[in-house]
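Have a go at each task before you read its solution.

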Amino acid sequence: MTFWADEEASLLAPGRDHVIRDSKTPSGTVPISGLRGPIVTDALYRTFRRHGLRIRYLFTIDDYDPMDSQSMRQRAGMAEHMGKPLCTIPSPDPSASDFARYHAERFLETFRTLGIRPEEIHWLRDLYRSGALDDEIDLVLRNADTIRRIYAEVANVRKDEHWLPVAVVCERCGRLGTTYAFDYDGTTVAYECREDQVAWAQGCGYSGRVSPLGGNAKLYWNLQWCAMWDHFGVTYEEGGKDLLTAGGSRDRADEIFRAVWKKEPPIGLVHEFLNVGGRKMSTSRPEEWEKLGAAAHELVRIYPPEIVRFLMLRTDPKRHIDFDPTGMSLPRLLDEYDRCADAYLADPSADLARIWELSQVDERPQPPPFRVRFSIVADQLQMPSVDPFAKAAERKGAALAVRDRADLEARIALARIWLERWAPEEAHFTVQKALPEIVSSLTPAQRAYLARVADLPGTTSDPEQMRAALYSVAREVGLVDKERVSRAAFAAIYAALLGRESGPQAAWLIVTLPSDLVRTRFREASMIGEAR
Ligand SMILES: [Zn+2]
């Protein structure tokens, strides 16, 4: 099977100019699921260029869309702005000139962190107001009949025979979500700002006539899509499943583009949903996911950018992603990431290697640095006597390079947050400062075991060798259950060091902790029964 991004590249004709577009409506905080599209688009763009295709990557900010978010309506001071273009609503804080710019800039900031680099960014407010879309608007209005018919046939949305697919900005109240336009005479349209046009906003009752050009009106969504395709010559545009289902917005736009513009719409894959903790995230209900730390701009502050990219790219876009920062999913994600880095070292053209490469912020990355497994970093952080950098150098058998250190630093920072916020109970442990109470319940066999393994610390620094030694002693003292080394053996080690029955890998624990401490502790624990 071909790698998905290569497969898409093979669908584009070589030798002609291509344009890949992505877009965002800046209507509020973007959840992490909102990064899947941009990261997939960026990976496709990189891949298309790699294939030698002439491709331009542009991003449009749909800031002329009306405010229609129910959750925003409940926020202080927002009710009066419902139905206005996002770019005419005040910013929530003075860092930005308006609401749309505030949210768009926050989103674009995450792009910079993640290495998503559109060549051009266009704001719809500028495109409308400059008259750049005037011809598109005129074309739409002259073909309103056809558009009404396609709305009815493809999407079963029926509009009355006077309806025009543009939203005029009301000259009195500034809303465009509330207006009904009709009667295009080739220069102006008539409109009414209705109280009951939509459920989420109330018009002011004004009616008038105005030119629909130069920013006085906005195309309805499907038509705006078509206008973008035509204006920029878009040939590739992927999109989320919510929009691209059969009979959905994209189908409708495709049909209209063929019928009115007489052109073939762009091709593009459909990406599946990304759920957090088993739940679909909706931009319109931020209260559901903001608590989870699942806002895009927050996530990129916590996770290294290559891990965020990897999360989106390791799964084929046509399959859904279930992301859950809690439990053991993060250590598993990092293990997979390392597996892909190893694949890159072995053969950069393998699929897993490509995923690693496309996950890097730099388009032409250096080979992966020396890495320490994430779960080991998390365990080391819980052992105050252990210096992760010294341990890493010891394992590498050489001083850490600058990139090795940077990688380890990033893992340490992430592991700290994971331990604090998301790690399950069993991932936490504390090396006890004194002999724990729990050792008094050890069996004679367990005590005999500890007496014997007390000789092992310091004999090797290799966890594999230590593990083999722990196994063979367990067999010798008869701590065997159905031919296998019994859990009781390791439980004795955890009891003596951690005061509980489970913990990180026992052999690793022994080679990581100071040998003296382990030796003394095992001897003390083995003698508990005898002291009584
Ligand atoms: Zn009005």
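**Exercise 1.** Find which residues Ser486 touches, not counting residues up to four places away in sequence.

*Solution.* In this predicted model, start at Ser486 and look for its partners: they are Leu479, Val480 and Asp481.

**Exercise 2.** Place Ser486 in the fold, then decide: is Ser486 buried or exposed?

*Solution.* Step one: Ser486 sits in the loop between β15 (484-485) and α20 (487-498). Step two: the relative accessibility of Ser486 is 12%. Buried means under 20%, so Ser486 counts as buried. Step three: look at the side chain of Ser486, where a polar atom lies 2.9 Å from the backbone nitrogen of Ala488.

**Exercise 3.** Work out which residues coordinate the zinc ion and what geometry its site has.

*Solution.* Step one: list the donors, which are the SG atoms of Cys170, Cys173, Cys193 and Cys204, at 2.3 to 2.4 Å. Step two: check the angles among the 4 donor atoms, which run from 105 to 114°. Four donors count as tetrahedral if all angles lie between 85 and 135 degrees, so the site of the zinc ion is tetrahedral. Step three: read the spacing of the donor residues in sequence, C-x2-C-x19-C-x10-C.

**Exercise 4.** Explain why the pair Cys173 and Cys204 ties together parts that are 31 residues apart in sequence.

*Solution.* Cys173 lies in the loop between β4 (166-168) and β5 (179-182), while Cys204 lies in the loop between β6 (189-193) and β7 (207-210), so the pair links these separated parts.

How values were computed. Residues numbered from 1 in each chain as written. Predicted model: local features only at pLDDT ≥ 70, side-chain atom pairs only at ≥ 80, totals over all residues. Heavy atoms only, no water. Helix = DSSP H or I, 4+ residues; strand = E, 2+ residues; numbered from the N terminus. Buried < 20%, exposed > 50% of the residue type's maximum accessible area, 1.4 Å probe, protein only. Polar contact = N/O pair within 3.5 Å; in protein donor to acceptor, adjacent residues only side chain to side chain. Contact = heavy atoms within 4.5 Å. Donors = N, O, S within 2.8 Å, 3.2 Å for Na, K, Ca; no water. Tetrahedral: all angles 85-135°; square planar, octahedral: opposite > 155°, others 65-115°.
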